[in-house]
Amino acid sequence: MKKKVVRWDFLLLLGLIFCLQSCYSGSQSAQNRLQEAEELYLQGTSSNSSSQYESSTVYLKQAEDILVGLPQSARRNQLLGLTWFHLGNTSESEMLYDIAQAYYRKAIPMLDPDSNTVYLACAYRDIARTIAIAGGEQDSALWYFNKAEHYAEAAQNELLELDIDAYRYQLCYPDSISPRLAVCKRMAETYHIPTRYAEIVELFLAQHATDSAAYYLEQLQPTDSAYTYWFEQTYAYLHCKILRQRGKTPQAYDELLDLYDRKIEELQRDAGARTYALSLHYDVAREQQLVEKAQNEKQWQRKISSVLVLLLVLVIALLLVLWRYWQQRRREQARQLETLRDKYVQQLQLALERLQQKVSLTREIELQHMRGNEVEFPKWLQTYRDEKLVMNKESLDELIASIDKALDGAISRLRAEYPKLTESDMQFAILSIIGASDNDMSIVLNVQKRTIYHRRQIVRKHVNPDIDDIDVWLRKYVLNI
């Protein structure tokens with residue numbers, strides 16, 4: 001018969017194929033999730049461009065949730081950094097400046113300095129803006145503006161450099177009107193940034209150059225339908241200011257100007273409340289704390305579950321061991337009791353045979369006496385005639401001691417627990433435990449069967465009168481059933 005040979009090389013090949021298939025499946029799943037995150041990111045950035053900031057935040061947060069759970073890769077890190085950057089933009093648009101800063105700071109380490117210089121410049125610029133607007137910290141803002149300018153120069157993007165200079169003059173050097181005006185005019189005229197015309201008008205009005213302000217106000221035209229409403233409001237407001245400066249403001253214009261100023265004040269007062277309310281929903285630090293707390297709770301739950309499962313397994317194993325030990329001990333006691341029963345059944349059988357011999361010899365001697373023959377009884381036969389016991393007290397005591405030893409002191413416990421049991425009661429109990437019949441008991445104890453019945457009732461009364469079958473109860477008691 002040929003011996004079966006295990007092809008370990010074949011099994012290893014199958015295992016390798018399975019591992020490669022699993023890795024490929026995992027890679028495909030990660031690619032699909034990355035593609036889904038990229039689509040959500042594009043939806044978020046398009047909503048941001050159209051000033052739909054709430055919708056933009058929803059899409060970008062969904063993209064962030066997917067990207068955070070994906071393994072590290074260049075594409076994943078790049079997309080996550082851009083997602084955080086645009087979440088900063090939407091938060092800044094909602095005047096959540098602290099949250100915007102947190103997103104910008106998270107985005108910077110994820111962006112590649114070689115390929116994302118423009119995004120890095122914008123991130124540092126916006127950190128500087130939020131610091132200056134929210135906290136008025138000009139020194140810190142200047143440091144971030146300088147970092148932004150460094151990346152803008154590396155990107156060779158003149159428009160971005162001008163934009164950084166304009167914000168730096170506005171937020172850190174508010175009295176430097178001429179340099180700021182020059183930067184804004186170049187951005188508006190050379191690079192066609194229409195929003196800067198509003199800033200130019202404000203600067204000319206600050207210098208009381210009303211005609212120049214009126215000239216540049218006419219250049220304030222929207223190029224994107226999403227900003228049409230802003231341009232209309234801004235145009236009306238600046239036009240009223242020019243008319244007031246010229247002293248030609250009719251009452252209607254005065255009322256419009258006052259109304260617009262009050263509206264601006266209301267919006268500024270409302271900004272604090274809106275910022276607080278929205279920050280409760282979009283607070284980055286709070287969200288991170290909640291995520292970490294949930295992760296810690298899950299880890300503790302998993303640890304506690306593992307410990308409880310381990311304890312349950314140990315308890316079950318212990319119970320099984322105890323149950324096996326109890327079963328084995330019970331079988332051993334039953335076997336020892338059966339051995340004792342067989343031993344004393346044999347002794348009883350021999351005693352009965354000897355008793356029959358004694359009875360026959362006694363009858364023969366008595367018959368001889370009736371015939372007038374003088375025959376003496378032997379001494380051993382005379383003992384039988386006096387005691388008429390098949391098993392004497394020593395034999396019964398030996399039987400009781402043997403059973404007590406075999407059953408781990410069950411007979412002694414029975415005596416101690418039920419002190420009303422007499423010596424005769426114990427003799428009956430022992431014979432009942434080893435399975436002796438009523439006929440055997442009457443022979444061994446040299447009493448009538450009716451006496452055995454009465455002894456059974458007495459034992460039941462001394463133990464518990466409510467017991468139905470004292471014989472069954474005794475066997476269960478000694479065997480711990």
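Mentor: Buried means under 20% relative accessible area, exposed over 50%, and partly exposed in between, with a 1.4 Å probe and protein chains only. This is a predicted model, in which local features need pLDDT of at least 70 and side-chain atom pairs count only at pLDDT 80 or more, while totals for chains, interfaces and linings use all residues. Residues are numbered from 1 along each chain as its sequence is written, and side-chain values use heavy atoms, with hydrogens and water left out.

Trainee: Are Tyr124 and Tyr144 buried or exposed?

Mentor: The two tyrosines belong to one aromatic cluster, together with Trp143 and Tyr151. By the cut-off for relative accessible area, Tyr124 and Tyr144 are both buried.

Trainee: Which parts does the pair of Tyr124 and Tyr144 tie together?

Mentor: Rings of Phe, Tyr and Trp (its six-membered ring) pair if their centres lie within 6.5 Å; planes under 30 degrees apart count as stacked, over 60 as edge-to-face and the rest as tilted. Tyr124 and Tyr144 are stacked, at 6.1 Å centre to centre and 25° between the planes. Helices are DSSP runs of H or I with at least four residues, strands are runs of E with at least two, and both are numbered from the N terminus. Because Tyr124 lies in helix 5 and Tyr144 in helix 6, the pair ties together parts that are 20 residues apart in sequence.

Trainee: What angle lies between the planes of Tyr215 and Tyr216?

Mentor: Tyr215 counts as exposed, at 52% relative accessibility, whereas Tyr216 counts as buried, at 7%. Their rings form an edge-to-face pair, 5.1 Å centre to centre, and the angle between the planes is 85°.

Trainee: Which residues touch the most other members of the largest nonpolar core?

Mentor: A nonpolar core is a set of buried Ala, Val, Leu, Ile, Met, Phe, Trp, Tyr and Cys residues joined through side-chain atoms within 4.5 Å. This core has 44 residues, and those touching the most other members are Leu67, Ala141 and Phe145.

Trainee: Which helix gives the most to this core?

Mentor: The elements giving two or more residues include helix 1 (8-49), helix 5 (117-135) and helix 7 (158-172). With nine residues, the helix that gives the most is helix 5.

Trainee: How many helices and strands are there in the protein chain?

Mentor: Of the 481 residues of the protein chain, 35% count as buried. By the DSSP runs, the protein chain has zero strands, and its helices number 20.
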